[in-house]
Each structure stands twice: as C-alpha cells, then as structure tokens.
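User: Please guide a reader new to this structure through its ligand shell and its helix contacts.

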Amino acid sequence: MTYSQQGPAAEVLRLTEFELPEPGPGQVRVQIAYSAVNPTDVKTRSGMTAQVIGQPQIPHMDGSGIIDAVGEGVAASRIGERVWLMLVAFGSTWGTAAEAIIVDSARAIELPAHITLKHAATIAVPSLTAAYCLFQDGSLTDRNVLIQGGAGGVGRAAIQLAALGGARVYATASTPAKQEIARTAGAHLVVDYRDPQAAEQIMVASGGIDRIIELNLGVNLELDLAVIRTGSSIVTYAADATDPQMPVRRLMMACVDVRFMILYNITPAELANAIEIVSSALERRALTIPPTRVFALEECVDAHVAQEEGPDSRLLLLVNELE
Ligand SMILES: NC(=O)c1ccc[n+]([C@@H]2O[C@H](COP(=O)([O-])OP(=O)(O)OC[C@H]3O[C@@H](n4cnc5c(N)ncnc54)[C@H](OP(=O)(O)O)[C@@H]3O)[C@@H](O)[C@H]2O)c1
C-alpha cells in the first residue's frame with residue numbers, strides 16, 4: 001500500500017507494485033507477516049501531523065516478520081530471524097504495509113521464541129511509549145500509578161509494564177468491556193473517568209497517586225489534580241483534546257511535574273532504555289497480546305477508517321502467512 005499525498009484513506013491509499021528491494025549497508029530486508037495500524041499512521045496519512053512523507057510512502061510504523069536478506073555490515077546470521085519492527089516509516093519510504101521492506105538493522109528486533117508474529121506487530125509504538133512514560137522518573141516499586149485510558153494500546157501496555165515494575169496500578173476506561181481489558185491487564189482498580197465519583201474511588205483505594213500516565217490532559221486534569229500526591233508527575237503522550245487551562249497555583253502548590261513526550265523526539269539513549277524495558281517484559285511474558293482485529297493488506301483503507309472510529313482492539317493487516 002502506498003500514498004503520495006495526505007488525505008482521506010479511500011482517496012490516497014493505493015495498492016502498488018514495487019521491485020523487491022535490496023538492503024543497503026546496515027539494513028535488513030524483512031518479509032512482513034503483520035503490519036499494525038497505530039493512531040500515528042492514520043494521523044500522518046490524513047495530514048493531521050506535520051510529518052514529511054516519502055514519494056510514495058508505504059504506511060505503518062510497526063509490524064513483524066522474518067529477515068530474509070542483510071546488507072553490508074549486518075551479520076548474515078540474522079537471516080531467518082523473527083523480528084518486531086519499530087518506527088520503520090519514520091524518515092523512510094518503507095513502512096510495514098508491504099510484502100517485503102528494507103529497514104535499518106537496529107529497528108528490527110529479534111523476538112523471543114514464545115512470541116507470535118501477530119503479537120509482535122502490536123508491540124512497538126504502544127509499549128515503547130508506555131515504557132518511556134512510566135520509567136523516565138525512576139523506579140515504580142511500591143508506587144501508585146494511574147493509567148488514563150487503560151484499555152488503549154499504550155494504556156494497556158502501561159498497566160502491564162507498571163505492574164511488572166512493582167507498582168500498584170489504577171486505571172480508567174469508559175465502557176465495562178474496556179474496563180475489563182484494563183483489569184485483565186493487571187489494574188488493581190478501574191474506574192470510568194467520566195464518573196463524578198472517579199477521584200474519590202481512586203483516593204479511597206490508593207491514598208494518592210505518585211505518577212499519572214495521561215492521554216487527554218484537557219479532559220482529565222481536574223481528576224489528575226484530585227488524586228495526585230505532592231511531588232508527583234503527570235506524563236502526557238497524546239494531544240487529541242482541547243488544550244487544558246493550566247491551574248498554575250494548584251500545580252505549583254502540589255509541586256507537580258507536568259511533562260510531555262513524543263516517541264519520535266526522545267533521545268537514542270532513552271529509546272534504547274525503552275527497548276530494553278520492553279524486551280525484558282516480553283522475555284518474562286509480562287506483555288501479552290492485546291485484543292486484535294485482522295484485515296487483509298488490500299483492506300488497508302477499511303483498517304484506517306476503523307482506527308479513525310476508535311476501535312476496541314489493535315488493528316493489523318495480515319500480509320504474509322509466515323507462521
Ligand atoms: N506521544 C507519542 O509518542 C505517542 C505514542 C503512541 C500513541 N500516541 C497517541 O496516544 C493516543 C492513544 O494511542 P493508542 O494507540 O493507545 O490509542 P487507542 O488504542 O485508540 O486508545 C485510546 C484510548 O483512549 C481512551 N480515552 C479517550 N479519551 C479518554 C479520556 N479523556 N480519559 C481516559 N481515556 C480516554 C479510549 O477509551 P475510552 O473509550 O474508554 O475513552 C481508548 O481506549 C493517540 O492519540 C496516539 O496518537 C502518542
């Protein structure tokens with residue numbers, strides 16, 4: 001699948017034929033099993049974000065597959081490796097919505113044998129974001145963490161990583177089905193962020209929150225302020241809502257650290273740290289496969305539309321049956 005200009009999915013996404021690419025120095029070629037649709041892919045394709053696209057651009061940052069060729073400087077022993085792919089369309093034409101792609105060797109990470117290629121495609125953007133947001137301020141052992149949107153891709157991964165890190169995890173989600181996803185992921189208590197009693201329920205159960213992972217600061221700031229402990233932090237990773245009015249005095253009195261992040265702009269060392277956290281969690285079977293819905297490669301437009309509608313599951317394109 002490719003697009004050469006940004007716009008509505010049905011108008012710009014096209015099935016395209018390419019020559020099989022040869023990996024250059026430092027690159028590998030990957031036969032793609034699954035290509036994941038993340039909100040960032042849909043935002044880039046629609047033109048909502050200012051990312052520069054290739055001419056043409058193959059969409060999708062994340063995916064999974066098997067290395068079948070290596071370029072100069074990459075060990076031939078990598079051929080045959082099962083990999084999860086990370087941020088591959090960032091600065092490259094070669095997103096994962098293709099039968100085979102070339103990618104920097106470092107963005108193709110070897111999978112533990114027990115992780116399926118389907119699971120592998122759901123890992124990168126959500127889990128790396130969660131890992132960065134959770135652990136940039138240090139250890140979570142015996143800390144109370146609130147994950148806003150605990151049934152989302154990032155939120156669910158954040159619950160699992162925080163629990164693995166020794167935190168007591170609280171989460172929010174709107175519907176009973178989404179609350180169940182967050183509970184099953186390991187949240188101690190899940191409340192509806194729209195419930196007027198939400199803050200009280202969290203305070204009664206937790207006594208106060210040490211770190212909040214936030215995706216809608218404009219909607220949730222009052223709830224966050226009602227449950228946060230003095231000297232705590234709120235880390236925000238999404239900007240879909242109306243910007244919040246900052247209650248500076250209350251934030252100041254609570255000594256709250258309000259921070260923001262985007263995966264594309266964290267440092268290489270921070271990204272490496274997040275990869276290490278995620279890899280270790282995969283080895284320890286602590287990051288499990290989320291609910292998924294699978295489309296064919298040719299149904300890429302439908303998958304983008306489904307993502308725009310706010311799905312209950314991670315959306316994947318099945319590209320090659322590799323396992
Ligand atoms: N900064 C970064 O690097 C980065 C990385 C990954 C993702 N993102 C962004 O983060 C957002 C979420 O990504 P995702 O992949 O996790 O999406 P997702 O799987 O679609 O999940 C989004 C979740 O947000 C919940 N939600 C919406 N409004 C909420 C609110 N006010 N309070 C609590 N939960 C709320 C939704 O559940 P309900 O139905 O319960 O509301 C849904 O479960 C997207 O905007 C994405 O672009 C940013």
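Analyst: In what follows, Ala, Val, Leu, Ile, Met, Phe, Trp, Tyr, Cys and Pro count as nonpolar, Asp, Glu, Lys and Arg as charged, and the others, Gly among them, as polar. The model is predicted.

User: How many charged residues does the shell around the ligand have?

Analyst: The shell is divided by class. It has 14 nonpolar and 13 polar residues, and the charged residues number two.

User: Which residues come nearest to the ligand?

Analyst: There are 29 residues around the ligand. Elements giving two or more residues to this shell include α2 (39-46) and α8 (217-227). Those that come nearest are Gly149, Gly152, Gly153, Ser174 and Ala238.

User: How are α4 and α10 oriented to each other?

Analyst: The axes of helix α4 (residues 124-135) and helix α10 (residues 268-283) come within 9 Å and cross at roughly 105°. Angles of 65 to 115 degrees count as roughly perpendicular. The two helices, α4 and α10, are therefore roughly perpendicular to each other.

User: Which residues of α6 meet α5?

Analyst: The axes of α5 and helix α6 (residues 176-185) cross at roughly 25° and come within 8 Å, and α5 and α6 are therefore roughly parallel to each other. The crossing in which α5 passes α6 is right-handed. From α5, the contact involves Arg156, Ile159 and Gln160. Their partners in α6 are Ile181, Ala182 and Ala185.

Terms used: Residues numbered from 1 in each chain as written. Predicted model: local features only at pLDDT ≥ 70, side-chain atom pairs only at ≥ 80, totals over all residues. Axes fitted to C-alpha atoms, helices over the stretch in contact; angles between N-to-C directions. Helix = DSSP H or I, 4+ residues; strand = E, 2+ residues; numbered from the N terminus. Parallel < 35°, antiparallel > 145°, perpendicular 65-115°, else oblique. Near = placed C-beta within 6 Å. Left-handed = near helix turned anticlockwise from the far one by under 90°. Contact = placed C-beta atoms within 7 Å.
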